[in-house]
Amino acid sequence: MMRLVCLFAAVLVLGGCTEKLTAPGECPGLCPSDNLEVRDTVITATRDSGYVGFVPAGGGSRLLAANGHAGLDLIPIIRFARAVDSIAIEDTLRPAVVDSVLLYVTVTLRDPAATGLALDFYKLPAAVAVDSGTTHAEVAAALVPERLIASVPLPDTLTNGEVRVVLAGADLDRIAFAPEDGKVLRLAYRLTGATATGIGIASQAGGSAAPGFVSYMRVILPDTTISRTLPRIIQYGSFVSSAPADAPSPDELLLGGWPSRRAILRFELSPMLRDTARIIRATLELTPSEPIAALPGDTVRLDVRGVFSDLGPKSPRIAGSAGALIQTTILTNGSTAPVSIEVSRIATLWNGGSGVPPVLMVTLAPEAATFGTARFGSSRIPGLEPRLRLTYAMPYPFEVQ
Amino acid sequence: MRRSLIVLAALGVLAATPAWAQSSQFGINGLGIPGRGLSIRASGSGGAFGFFDPLSGINPASVNELTQLTAGFAMVGSFRNSSNPSAEESGRDTRFPQFMAGGAVPRSRLALGAYFSNYTDRDFLLASSDTILLGGLPVGVTDTLTSLGGLSDLRLTMGYRPSGWSLGAGVHIITGGTRVSLKRVFDDSLYSPVSQRAEISYSGVGFSAGAARSLGRGVAASAMIRLDGSARIDRDSTEVGRVDLPVTLGGALRWRAAPRLDLATSVTRRSWSGADDDLQALGGTGSRNTFEWNAGAEWLSNPRRPSSRPLRIGGHYRTLPFPVESGAQPREFGLSLGSALGFARDPQTGMARAQVDLSLSRVWRSATGGYREGAWLVGLGFSVRP
């Protein structure tokens with residue numbers, strides 16, 4: 001009998017350790033779907049604002065060069081750190097001889113259909129400071145044949161790669177420093193070609209792909225010769241434009257350009273949507289007021305983020321871990337179709353007591369590093385205003401079945 | 001004796017898990033599936049002896065059967081198979097539906113008892129899939145509705161034994177709650193999963209009274225009435241409604257047909273239809289009055305030692321109060337078998353001071369519309385008289 005008791009106890013205890021409560025649901029008697037109410041709605045932005053000046057020209061991942069694309073002449077300019085003419089060897093500073101110099105840039109953006117292009121390397125005079133006050137007129141006036149270091153043809157197949165200029169021997173005279181240069185090399189890169197187009201070269205943010213200036217030097221000692229390679233860091237890099245950035249009309253949201261432009265879209269959620277319902281899907285719809293403009297071959301992304309609080313242009317944006325809260329879609333050059341982008345992950349933050357406002361900040365990426373611009377209708381244009389398509393679930397009536 | 005107490009203590013640790021009865025697809029609607037308030041000893045004979053059993057929480061007069069301090073504890077394992085027109089699913093769980101402690105007051109005709117038993121059970125996990133229209137397009141969804149908990153019945157009982165009668169009265173505190181959660185996953189990953197949860201709590205007060213009397217020739221009769229008033233329903237501490245609880249009327253007969261053989265039968269009616277309007281107002285399927293009939297027998301291998309391997313057999317039929325679909329009242333039929341084993345016998349009286357009761361029941365539940373369920377219930381009960 002005791003064995004039987006033990007058997008019963010074992011069955012109960014072991015059975016309980018692997019509890020399985022599942023029962024099959026069946027509609028309409030045992031059907032949770034009947035009671036969970038899911039609704040759709042569309043709300044429009046109540047207010048929006050456009051701001052400029054977030055990322056300046058040269059502050060992005062590319063420096064832009066153009067020879068008439070969109071009617072613009074864009075010239076990248078670089079100022080390198082002061083060059084040296086002596087090298088410390090065994091605690092003694094010894095004069096060095098420049099054997100050769102390497103100048104290079106890395107092309108990261110190019111219209112594959114544009115052929116017959118070349119990139120001219122110019123040495124700028126000291127009179128052009130190459131800083132944030134440098135203008136296109138100053139630079140353009142300095143690009144005279146006497147200051148041309150080299151004109152490098154861009155292979156028609158080159159869409160991403162390095163363009164090099166190697167100077168040695170008598171060619172070194174082309175970058176010889178005048179006394180007023182202070183041994184500071186200032187370069188400008190002008191795109192030339194039969195067709196109006198543009199390219200992008202990696203900026204100083206591009207690490208080893210950034211424009212380079214490398215001197216190969218030699219120190220002659222009584223019994224030996226020591227060679228050194230001396231790259232110079234970039235102290236300033238940017239590009240200058242022949243025309244100022246477009247000003248948006250009051251009824252449109254202009255994104256892109258340099259300095260970059262962003263827009264803030266503000267929505268009003270009803271107390272029911274904010275406090276009671278649970279947003280399960282949110283889709284932002286923007287309608288272009290003009291076709292999307294971009295360089296063929298350029299990938300222009302529309303980035304949408306939430307903000308922790310609405311402080312206008314200085315609203316702190318929500319980044320999220322691993323970019324999970326940055327919603328992105330690719331814009332198609334020339335398209336006038338409404339752009340839809342899923343912002344569900346951001347919108348779920350608007351529920352409950354998080355305090356996150358129903359505000360979205362939109363921008364074109366990479367900022368200040370693309371030829372793309374987008375103009376969308378604002379909340380002031382009926383029919384073109386930004387819209388948010390929301391799907392939400394109401395609270396489940398748990399108290400009954 | 002010592003060995004029995006050690007076993008009891010070990011199982012007491014296991015009892016830290018929620019103390020509710022078995023899960024069932026018929027416990028999803030309304031307030032759940034009602035518990036029967038039976039000890040393992042009574043359930044082994046189909047519940048027929050429940051009105052006379054001091055370990056069961058049915059008739060407050062039965063506490064007078066406790067001649068000394070007694071503590072009882074029950075655990076039930078359920079192995080079931082549920083089916084409905086959509087699917088078939090098997091499940092298992094272990095619950096602890098009954099605790100009690102009580103005994104006679106020395107040098108008086110009084111007895112006192114405290115009982116904690118399952119009132120209704122809403123312990124389930126319901127999985128279903130469906131297709132709904134969102135933005136004008138069909139989207140597949142999979143829902144999982146989970147509920148853990150139910151209503152519990154805490155009863156304080158006082159019994160009095162005047163000449164020839166056994167009387168009892170009890171105060172019931174109806175309490176408990178369910179932790180419920182719903183998860184919905186959409187086939188289209190653009191929709192975020194829905195996850196909602198809430199805590200539903202219940203509270204109410206009831207009263208019961210009962211009587212039992214020997215009618216001679218080995219026949220005894222028992223009757224009880226219970227008034228449960230209404231239960232307040234709170235959702236996350238906010239009152240969302242009230243539900244009338246039933247008035248219970250029941251009676252039982254017991255006949256010692258032979259020195260070794262006891263027979264018993266009982267009937268119980270509960271007026272659950274009083275909750276019909278309340279539940280429908282909350283969006284539920286309402287409720288119906290219920291009827292329960294039990295019949296069983298106990299054969300003693302040794303009349304002087306009733307806990308020594310008796311054979312118990314019985315059956316029951318009852319209707320369940322909460323329809324799965326409106327108007328279709330579920331019903332339950334069960335057959336039971338049980339026995340017991342005594343330990344630590346008193347050398348003078350030969351009575352066991354610790355007892356283990358076993359029961360094995362097969363239960364069939366059904367409701368029109370194709371809802372069926374079959375379950376094996378394995379019961380293990382312990383009682384100690386220190």
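D298(A) and R62(A) are both buried in this predicted model. Their side chains meet in a salt bridge, with 3.6 Å from N to O. The pair joins distant parts of the chain: R62(A) belongs to strand β4 (residues 62-67) of chain A, while D298(A) sits in the loop between β19 (278-286) and β20 (300-306) of chain A, and the two are 236 residues apart.

R262(A) and E367(A) form a salt bridge whose closest N and O atoms are 2.8 Å apart. This pair, too, links distant parts of the chain, 105 residues apart: R262(A) is in strand β18 (residues 261-266) of chain A, and E367(A) is in the loop between β23 (359-365) and β24 (373-377) of chain A. Both R262(A) and E367(A) are buried.

| Salt bridge | N to O distance |
|---|---|
| D298(A) and R62(A) | 3.6 Å |
| R262(A) and E367(A) | 2.8 Å |

Side chains of opposite charge can pair when their charged atoms come close. Over all chains, the structure holds 40 salt bridges. In chain B, a network of salt bridges links R232(B), D234(B), E239(B) and R242(B).

The nonpolar residues come next. The largest nonpolar core has 44 residues, and L103(A), F121(A), I149(A), Y189(A) and I199(A) are those with the most contacts inside it. Strand β8 (residues 97-110) of chain A supplies the largest share of this core, 5 residues. At least three residues of the core come from each of two domains of chain A, domain 1 (37-55 + 247-393) and domain 2 (73-241). Apart from this core lies another, of 38 residues, which includes L253(A), L325(A), L360(A) and Y392(A).

Which residues does Y189(A) touch, not counting residues up to four places away in sequence? The list is I75(A), P76(A), I78(A), F80(A), V105(A), L119(A), D120(A), F121(A), I201(A) and P211(A). One of these, F121(A), is also among the residues with the most contacts inside the largest core.

Methods
Residues numbered from 1 in each chain as written. Chains lettered and ligands numbered in written order. Predicted model: local features only at pLDDT ≥ 70, side-chain atom pairs only at ≥ 80, totals over all residues. Heavy atoms only, no water. Core = buried A, V, L, I, M, F, W, Y, C linked by side-chain atoms within 4.5 Å. Buried < 20%, exposed > 50% of the residue type's maximum accessible area, 1.4 Å probe, protein only. Helix = DSSP H or I, 4+ residues; strand = E, 2+ residues; numbered from the N terminus. Domains from an automatic or database assignment. Contact = heavy atoms within 4.5 Å. Salt bridge = Lys/Arg side-chain N within 4 Å of Asp/Glu carboxyl O.
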